[in-house]
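Thanks for coming. I will go through one model, starting with a term we need and then moving to the ligand.

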Amino acid sequence: MEFHLGIDDTDSLRFGCTTYIAALLVEKLLEMGVEFIDYPNLVRLNPNVPWKTRGNGAVCLRFRHGEDVSEEALEEAVELVEEHADFECANTNPGVVLHTGRVPQDFKMFSKRVIRSVVELREAERLIHKHGCSAVGFKNRRGLIGALAAVGETLEGDHTYELLTYRVRENRGKPRMVDPESVREMDRATRPMTFNNLDPETGRILITPRGADPVLYGIRGETPEAVYKAHLMVRVYEEVERWVIFRTNQGTDSHLKPVKDASEVRPYNPVVLEGRVAGWPRTIPGGHVIFPLEAGGVVECAAYEPTGSFRDVVRMLAPGDVVRVYGGVRPPENGLPMTINLEKLEVLRVSEAYRLENPTCPSCGGRMKSAGRGRGFACRRCGFHSLTMTKVRVPVERKLKEGLYIPPPRAQRHLTKPLQRYGMEKSGKPDRLFNPWHWP
Ligand code: ATP
């Protein structure tokens, strides 16, 4: 018999991590004599849902057993959630879903929508009921959405791997004792089979998270072999409690949905949209760069301050440029309109651009100034005045090159496909698991 066990929404910013519960559960299930049919799946859901804690991640464990172990497996999962979830946090609403048998098509379709849009709990509950799953939802039960979505995302399309190591309890909350030089060496030795180990612009190490969660570090890569090899190269000066290799949709862009025009852009639904730049980019307080995009209606696009040098590219846009924008959609708030928060920008055509400038003085060659509305231009240097002169169109030198631009790794979302992954996409499920894929 085949079982699929999804878990979500167990952590808060104060502590916990759903992947850690999965790591503990792996060991419990192995003690029960199950055979894993896939690596634990780490499924990133829509990064734009308003109630996520951090990366909106959910997990699913897929395994076989000669007997029906569904009740026992669910019990183990629920016990671990009860022990390790942060129930005091208002925003933590754990859910556990166990499905016996093949994953129904309904679930797969549901997952795609949970990754790309916002769904209601009712829908998850209806599907759980329809297919006779066992499920336990705590508090407002919202975690059932993510737990079911994790079951339904069988990662048959593009996918990557992440090896996550965990810290012993007494070290959680303290600085992570990972040798940065060993991470740089590991990065040089394993790229492009691993990705986003560090941020090239700042040199910052990205494999270590920064919160109080139990993760020591996570290494992302293309194959289980690659992340394992990389893991062996990282030197740490603290105890590693356990580690697990997850198969995941991280770094695959699976959240981005192409839409036809501006009318299909909705809050919280990440999109890919093609259009024409409709005005000069402007930098607003806080360092964010915004510009309007015409795509059968005008939508604002923003490159936020943390995207660093990516903003320099956005600043080089000019009216008329044809671009494809990728990003999450923020609802209108604080007097700002609905905005596409740029995760990528593809410059498809750089147009000729002009700026309107005041004319030069025909008498002395100086720059003229407006003499007031409807009063033409006057030269401050020689006093020449003309009622008929108008602003002149001056061509702007275009330095922008056509191509795909992505913010630096430190500003990328878990789901964003990094530049180095283009051409490395893969599909299918593993038919056997690399050994070792977990420890202990
Ligand atoms: P993690 O920290 O593990 O990366 P997270 O903590 O940021 O993830 P969760 O704590 O899992 O996020 O909270 C997200 C909540 O939102 C869960 O209850 C989940 O069921 C729900 N959820 C996720 N995606 C959607 C969606 N597309 N529509 C509606 N609810 C969603």
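Buried means under 20% relative accessible area, exposed over 50%, and partly exposed in between, with a 1.4 Å probe and protein chains only. Helices are DSSP runs of H or I with at least four residues, strands are E runs of at least two, and both are numbered from the N terminus. This is a predicted model, where local features need pLDDT of at least 70, side-chain atom pairs count only at pLDDT 80 or more, and totals for chains, interfaces and linings use all residues. Residues are numbered from 1 along each chain as its sequence is written, and side-chain values use heavy atoms, with hydrogens and water left out.

Start with helix α5, residues 143-152: 10 of its 10 residues are buried. Among them are G143, L144, I145 and G152.

Now the ligand. A residue counts as near it if one of its heavy atoms lies within 4 Å. There are 22 residues around the ligand, and the closest are D8, D9, R54, S117 and R142. Helix α5 gives the largest share of this shell, three residues.

Next, polar contacts, which here are pairs of N or O atoms within 3.5 Å. A polar backbone atom of R54 sits 2.4 Å from a ligand oxygen, and one of N56 is 2.8 Å from an oxygen of the ligand. On the nitrogen side, a backbone N or O atom of V114 is 2.8 Å from a ligand nitrogen atom. The ligand taken alone exposes 640 Å², of which the protein buries 98%; these areas come from the Shrake-Rupley method with a 1.4 Å probe.

Last, R188 lies in helix α6, residues 180-190. R188 is exposed, at 56% relative accessible area.

Definitions and conventions
A polar contact is a pair of N or O atoms within 3.5 Å; within protein, one must be able to donate a hydrogen and the other to accept it, and residues adjacent in sequence count only if both atoms are side-chain atoms.
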